[in-house]
Amino acid sequence: MEADDSAEETLLPLALARFQLSEEYGFLLPDPLTELPAPYGPWMEIAHDLPQLITSHQLRSRVHQMPQLSAQHLRGHEELHLAHLVLSFITMGYLWQEGEEGTVKVLPRNLAVPFWEVSQALGLPPILSHADFVLANWRRKNPNGPLEIENLDTIISLPGGESLRGFILVTLLVEKAAVPGIKAVVQAIRAILQLDEETLCKALQALAEAIRDMSKALKQMHDYVDPTVFYTVIRIFLSGWKDNPAMPEGLIYEGVADQPMAYSGGSAAQSAVLHAFDELLGIRHSQESTTFLHRMRDYMPPPHRAFVEEIRRAPSLKQHVLSSGDTQLRAAFNQCISELADFRSYHIIIVTKYITVAAAKAKARQAELCDNVGPSAGKLPSALEAKGTGGSHIFSFLKSVRDTTREGMISA
C-alpha cells in the first residue's frame, strides 16, 4: 500500500502523496465514499440503522441473520476504508449493545471473517480506530459548501445523537486545522537539508499557528457535545478489549482464530498528527507513555505510520536550532513547543469535563435514582472510569505527555 519509489524519494523527500496524505485534507480521507457496491447492501442496511437497532436491543439478532459476504470484491482503498468503517461500527454495537455486563466472548463468523479480511487488506486492526471513527467518517451536506460543522455529517453513527455527531466532527475539524502544520513539518525538514534558515523559521511559525488553530477547533467540543451523553452513552462504544476489565480475555473472531485476540479501543492517540509534531520537535516522552504511544501507531493506516517514521529518521531539528545559535530560530522553535503544551493542557481540561466531572455527576444521579427506585436502576459504565478508551491511565498519561512537551523548550 505504501508507494516505494526511491527516485521520487530523492527528488521529493516526504512528498505527501507517497503517504496517502493530501495537501487539502492532511490525514483525513478526501471526500470518502458513502455507499458500498450493491452486493454489500446487507452491511449498509444494518450500518445505517445502528443507533435504533442498538437502543432497541435488536442488533445482535440482525447480525446473526446477516449473509456471509466475502470482502474479495471490494476494489481500491476507498471501498476498503468504507467497509472497515461499516464493519467496525457494527462490531462495536454488537459487542456493547447490552452494556459492559452483557458482553460476548465471540464475534460471529459472518462479521468476524470479512472484518478480518478488510483489516488485513488495509493493514489496520479489526476494531474501530480513529482512522474509521473520524478520518473516513465524514461527508458534506452541500458538496460545494465549506468544511464547517453546519455543512458536515457523519456517514455511519452509533447511539448518542447530536453529541456523537459533534464529537466526531469537532475531532475532524481539529485534524483539518492541523493540515498547514503537516505541510510545515515537510517544509521544515527540507529547509534543514538545504540549510535554509529563513524558510525553516517561516515553517516553524506556520506550525505554531496550526497548533493554535487546533486548540481553537477543540474548544468547539463545549458547543456540540453534552458531557452526560458522552460519558453515559457514547464512551462505551469506543472501548476495546485490551486492558479492559469488562472483557479481560479479549474476543474470539470466529472463523479467524480459535484463541481470543485483544485490541485497544479508539483513542485520540491514534491520530498521526501529534506523533508527527513530536518527532519533528524531538520531544521525548517517558518510557511508559512512549510504549503506549508507539502501540497506538499500530492502529494508524500504514502509510500514515510510515510518514511519522520518516520524520523520526530525518535530521534533528532541535540539534540544528541549537548549533545555529540563531535567536529568531530558537524563538520560533520554542513557540511550537509552547503551543503544543497548551494544546495538551486544553485536552486535559476537556477530558476532566467529559470524563471525571461527568462520571461524578452520573454517580450522584445514580445514587439518587437508587434511593427512589431501588438498586435495579440502570448501571453506569465503570470498567474504564480512570482509563482512556485506548486503555491508558488517562490523567497520569496526559499530564506526563504535556509535561515532557514543555521540557522540550530550548533555554537561552
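**Figure 1. Lining of the second largest cavity in the predicted model.** Helix H7 gives the largest share of the lining of the second largest cavity, namely 3 residues, in what is a predicted model. The space in this second largest cavity comes to about 50 Å³, and the search that located it counts 2 cavities of 30 Å³ or more. Its lining is made up of Phe27, His130, Ala131, Leu135, Glu175, Gln270, Ser271, Ala272, Tyr299, Met300, Pro301 and His304. Sorted by class, the residues around the second largest cavity are 7 nonpolar, 4 polar and 1 charged.

**Figure 2. The largest pocket and the elements around it.** The largest pocket has a volume of about 1,100 Å³. It is lined by 49 residues, of which Ser267, Ala268, Ala269, His347 and Leu398 are the closest to its centre. Two or more lining residues come from each of helix H7 (130–135), helix H8 (161–177), helix H10 (197–218), helix H13 (272–281), helix H14 (287–296), helix H17 (327–373) and helix H18 (394–406). The largest share of this lining, 7 residues, belongs to H17. By class, the lining of the largest pocket holds 27 nonpolar, 14 polar and 8 charged residues.

Figure 3. Helix H18 consists of 13 residues and spans 19 Å from its first C-alpha to its last, which is close to the 18 Å expected at 1.5 Å a residue. Within H18, the buried residues are Ile394, Phe397, Leu398, Ser400, Val401, Arg402, Thr404 and Thr405. Arg402 and Asp403 form a salt bridge in which the closest N and O atoms are 2.8 Å apart. Arg402 has a relative accessible area of 15% and is therefore classed as buried, whereas Asp403, with a relative accessible area of 32%, is partly exposed.

**Figure 4. A salt bridge within helix H8.** Across the whole structure, a search finds 16 salt bridges, and the one in this view joins the side chains of Glu162 and Arg165, with an N to O distance of 3.4 Å. Both Glu162 and Arg165 belong to helix H8, where they stand 3 residues apart, or about one turn of the helix. In an α-helix there are 3.6 residues a turn, so residues three or four places apart point the same way. The two partners fall into separate accessibility classes, for Glu162 is exposed at a relative accessible area of 57%, while Arg165 is buried at 11%.

Figure 5. Asp243 and Arg295 form a salt bridge, and their closest N and O atoms lie 3.4 Å apart. This pair links distant parts of the chain, 52 residues apart, since Asp243 is in the loop between helix H12 (227–234) and strand S4 (252–253), and Arg295 is in helix H14. Asp243 is partly exposed, with a relative accessible area of 38%, and Arg295 is partly exposed as well, with a relative accessible area of 22%. The backbone of Asp243 also deserves attention, as its phi is positive, about 55°, although Asp243 is not a glycine. Most residues other than glycine have a negative phi.

**Figure 6. Asp31 in the loop between H1 and H2.** Asp31 is found in the loop that runs between helix H1 (6–11) and helix H2 (41–48). Its phi is near 40°, a positive value in a residue other than glycine. With 47% relative accessibility, Asp31 counts as partly exposed.

Figure 7. A disulfide requires the two sulfur atoms to be within 2.5 Å, and the structure as a whole holds 0 disulfides. Cys336 is likewise in no disulfide, its nearest cysteine sulfur being that of Cys201. Cys201 is buried, with a relative accessible area of 7%, and Cys336 is also buried, with a relative accessible area of 0%.

Definitions and conventions
Residues numbered from 1 in each chain as written. Predicted model: local features only at pLDDT ≥ 70, side-chain atom pairs only at ≥ 80, totals over all residues. Heavy atoms only, no water. 1 Å grid on protein atoms, 1.4 Å probe; cavity = no way out; pocket = protein on both sides within 12 Å on 5 of 7 lines; lining within 4 Å. Points joined across faces, edges and corners; volume = space filled by probe spheres on them. Helix = DSSP H or I, 4+ residues; strand = E, 2+ residues; numbered from the N terminus. Nonpolar A, V, L, I, M, F, W, Y, C, P; charged D, E, K, R; others polar. Salt bridge = Lys/Arg side-chain N within 4 Å of Asp/Glu carboxyl O. Buried < 20%, exposed > 50% of the residue type's maximum accessible area, 1.4 Å probe, protein only. Expected span 1.5 Å × (residues − 1).
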